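Dear colleague,

My notes on what was found follow below.

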Amino acid sequence: MTEGWRRLDARMLLVHPLETLVRFLPALLAIVVFRAGSDDSDRWELYAVPVLVAFGVLRWVTTRYRIADGQIELRRGLFTKQTTTARLDKVRTIDLTAQLHHRALGLAKVEISTAGGQHDRLVLDSLSVDAGRRLRAELLHRVDPAVTGLPSPTGTPVAVDVVPVDAPPPVGDELLVRLDPSWIRYAPLTVTGLASAAAIVGFASQGLSRFSQERSVFRDGASWVARLSWWVDVLLLLGVVSLLAVGAYVLTFWGFRLTRNRLGTLHTRRGLLTNRETSIDAARVRGIRLDEPLGLRLAGARRLKVVTSGLLREQGGSDWLCPPAPAGVVTPLALRIRPDEAAVSGPLRSHGPAARRRRLTRALVPAGAVAAALVAARLLWDWHGSLLVLVPLLLVGAVALGRDRYRALGHTVTPDHLVSRHGSLDRQRVVLDRDGIIGWKVEQSFFQRRVGVATLVATTAAGAQHYDVVDVPLEQAYAVLAQVSPDLLADFA
Amino acid sequence: MEPADVPVDPSPVLREPAHRVSRRAVLMWTLQAVVVLAVLLAGQVAWWFVDDAPSRTPHWVVGAVWLVAGGAYAVAMPQWRYRVHRWEATPRAIYTQSGWLWQERRIAPLSRVQTVDLERGPVAQLLGLASVTITTASAAGPVTIHGLDLPVARELVDALTAAAVTEAGDAT
C-alpha cells in the first residue's frame with residue numbers, strides 16, 4: 001500500500017454487528033418467542049454471528065482513506081474496489097455524528113459533503129472522535145497558515161484541534177449562541193415539532209401492535225377516552241402532542257451550541273442521545289434564512305438557518321444556526337453572521353394591489369370550494385346542520401390567511417444582499433448574498449401576465465437552489481435585476 | 001417604505017432576446033402533441049373493447065371532449081410557443097424566453113456555466129433540429145433552448161464552451 005493511507009478505527013468492528021443486531025431486533029424477538037414454545041435446541045441463528053463479524057472485519061480491512069494531492073480518497077470493497085475522491089477545495093460541510101453506541105465506544109461517523117450533493121458524500125463509519133475532529137481540521141482549515149505551515153497532512157496526521165468531548169470551545173473560537181433550556185417552550189409551536197410528534201406516535205403504535213396480548217389495554221383506553229367530553233379529548237391531545245414535540249426537541253437540540261472559529265467556519269454541536277457536530281465552511285455560506293412560522297411568530301420567537309452549498313439533504317436540522325428562540329436572541333445572532341441591518345431587520349418593499357388580490361383569491365378559492373361542498377352535502381344528502389357552522393369560519397379564516405400572506409410579501413436590495421420574504425403559516429425571510437446569485441428567472445403564468453406581476457427567481461448553488469420574490473410587479477422585478485446584476489441588464493436592456 | 005438605494009431609473013425594461021428558434025420547431029411541437037393524442041386515442045380504443053356496458057354514449061362524450069381539447073392544443077400550442085420562444089447569447093450572458101401559458105425569461109452569466117449539452121430527440125433528428133441545455137452550479141438554473149437548427153445549435157455550443165473555459169469559478 002502506498003503512503004498515507006489511514007484505516008477506520010478498529011472499534012468500528014463492534015459498531016456494525018451492533019447496528020445489525022438492532023435492525024433485526026424484531027426478527028430476533030420473534031425467533032425467541034417461537035423458540036419458547038418448542039423443544040428444538042438447535043440454535044441455528046447463532047451461525048449468523050461469525051458471518052456478521054467477518055463482514056465487519058472485511059469492511060475494516062478493505063476501507064482506507066487518505067488526503068493527498070489536494071484530494072481526499074476513500075477506497076472500499078474487496079471484489080469491486082470502489083474509490084471515491086473529492087477535491088479538498090470542493091469540501092463544503094463536515095458532519096460528525098455519534099449515536100449512543102458510537103458514544104459508548106468513543107467513536108463518531110464522519111460525513112464529508114462536497115459541491116455535488118448526495119452522491120458526492122464521503123462517509124467514514126467510524127473514526128475515533130479525536131481522529132474525526134483532526135480530519136475535520138485538516139479538511140476545513142487547509143487554508144489556515146497554522147496548518148499549511150506544518151508538514152503535509154499525508155503522513156502521520158498533525159495534531160491540530162484535539163479536543164476532549166466536553167471541553168469548552170477552543171480559545172479564539174467565538175461562542176455565538178448556546179441553547180437556553182427555557183426555549184424548549186417553543187417546541188410545540190412549530191410544524192417540525194408536530195411532525196416529529198406524529199412520527200413518534202406512528203412508530204410507537206406500530207411497535208405496540210406487535211404485542212397482541214395487550215390489545216385489551218387499547219380497548220379499555222379507547223372506551224375510557226370515548227366517555228370523556230370532547231374538550232377533555234382536545235386538551236389531552238394537545239398535552240400529548242406538546243409533550244412529544246418537547247421530547248423530540250430535547251433529543252435533537254439539547255446542548256445546542258454555535259461557534260465560529262477565526263477563519264469564519266461555523267460549527268454547531270447538538271443532541272441529547274445522538275451527538276451531531278456540523279462544520280460549515282464560511283466561504284460556502286451564501287446567506288441566512290429567518291423562519292417565523294405562525295406559531296413562533298405569535299409567541300415572539302423565530303429560528304435561523306444557513307443557506308449554504310453541500311447540505312442538499314437538509315438532514316434533520318444540519319442547516320440550523322439557531323433552534324426556535326426569542327426574536328431578541330435570533331435577530332442579533334443573524335446580525336453577527338450577516339452584519340447588514342437593513343437586510344436582516346429593515347423594512348421591505350411591498351408588492352402592491354395585484355399581489356394582494358392574488359393572495360386573497362388563492363386563499364378563498366379552495367376555502368370557497370370546501371364551503372360549497374358542505375352546503376351541497378347539507379342540501380343533497382341531509383348532512384348534520386352543525387357542519388354549516390364551519391362555512392363562515394372557513395371563509396373568515398381564508399381571508400385572514402390571504403391578508404397575512406400579502407403582509408408577508410416583500411423584498412429589498414441592499415449593497416450586499418437580496419432579501420425576500422413570503423408565507424404566513426411558514427413565513428421566511430431569506431437574506432441571500434448578491435455574489436451567490438448565479439442566474440435569474442422571470443416567471444409569469446397566464447394570470448400573472450394579465451395583472452402585470454411576475455415571480456423573480458434568483459438561482460444559486462446553495463440551500464434550496466433558488467429563492468423567489470413572489471408576485472412582484474414586472475417593472476420592480478426588472479429594477480431588482482438591474483440593481484443586482486447591472487452588467488447583465490446592460491446587455492439586454 | 002422605499003429603501004434609499006433603489007435606482008433612480010424609473011423603468012428599466014428587459015427587451016426580448018434577439019433570435020427566434022427555427023420555424024421547423026412548430027412542426028416538432030405539433031408532432032409531439034400528435035404523439036400525446038395518439039396515446040390518448042389508444043386508451044380510448046382499449047376502453048371501447050374492454051367495456052361491457054351496453055351504452056356507448058360515455059365513449060362518444062369522453063372522446064369528443066379530449067378530441068376538441070387535444071385538437072386545440074395541437075393547433076394552438078406550437079404557434080403560441082413559436083411566438084414566445086427566443087434566445088440570445090452575448091460574450092457575457094445567455095438569455096432565453098420560453099413557454100406558452102406559463103412563460104419565463106432566464107438569464108445566466110457565462111461565468112457561472114458548468115456544462116453545455118446538445119440534445120436531439122427522435123422528432124428533432126427527423127427535422128434537423130437540436131436543443132441546447134446550459135447548466136450552472138444551481139440545480140434550479142438549467143437554461144434550455146428548444147428547436148434550434150442543428151448548425152446554429154452546434155455554433156452556439158462552440159461559442160459557449162469557449163466562453164466558459166476562459167472564465168473561472170462556478171460559485172459553488
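**Chain A overall**

In chain A, among contacts with a separation of 6 or more, 58% are between residues 24 or more positions apart, two residues being in contact if their C-beta atoms, placed from the backbone, lie within 7 Å. Please keep in mind that this is a predicted model, in which local features need pLDDT of at least 70 and side-chain atom pairs count only at pLDDT 80 or more, while totals for chains, interfaces and linings use all residues. Residues are numbered from 1 along each chain as its sequence is written, and chains are lettered from A and ligands numbered from 1 in the order in which they are written.

Chain A holds 17 helices and 20 strands, where helices (H or I, at least four residues) and strands (E, at least two) are DSSP runs numbered from the N terminus. Chain A has 493 residues, and 34% of them count as buried; a residue is buried if 20 or more other C-beta atoms lie within 10 Å of its own, exposed if 12 or fewer, and partly exposed in between, with C-beta atoms placed from the backbone.

**A buried strand in chain A**

Strand E13 (residues 301-308) of chain A has eight of its eight residues buried, so it is largely enclosed by the rest of the structure. A:Ala301, A:Arg303, A:Lys305 and A:Val307 point one way from this strand, whereas A:Arg302, A:Leu304, A:Val306 and A:Thr308 point the other way, and all are buried. Strand E12 (residues 285-293) of chain A runs antiparallel to E13(A) and is joined to it by six bridges (two strands pair if DSSP finds at least two bridges between them), and here A:Asp291 stands opposite A:Arg303. E13(A) is also joined by four bridges to strand E14 (residues 320-326) of chain A, again antiparallel, with A:Lys305 opposite A:Trp320.

**Chain B and its two domains**

The domain assignment, which is automatic or from a database, divides chain B into domain 1 (20-82) and domain 2 (86-166). The centres of these two domains of chain B, taken over C-alpha atoms, are 29 Å apart, and 12 residues of domain 1 are in contact with 12 residues of domain 2. On the domain 1 side of this contact, H1 and H2 of chain B each supply at least two residues, and H1(B) gives the largest share, five residues.

Helix H1 (residues 25-50) and helix H2 (residues 57-84) of chain B pack at an angle of about 170°, with their axes 8 Å apart; axes are lines fitted to C-alpha atoms, for helices over the stretch in contact, and angles run from 0 to 180 degrees between N-to-C directions. That angle makes H1(B) roughly antiparallel to H2(B), a term used for angles over 145 degrees, with under 35 counted as roughly parallel, 65 to 115 as roughly perpendicular and the rest as oblique. The residues that meet include B:Trp29, B:Leu37 and B:Trp47 in H1(B), and B:Trp66, B:Tyr73 and B:Met77 in H2(B).

**Where the chains meet**

The contact between the chains takes 33 residues from chain B and 33 residues from chain A. On the chain B side, the elements that give two or more residues are strand E3 (93-99) and strand E4 (103-109), and E4(B) gives the most, with seven residues. Strand E18 (residues 437-444) of chain A pairs with E4(B) in the antiparallel sense over five bridges, and A:Trp440 stands opposite B:Ile107.

With best regards
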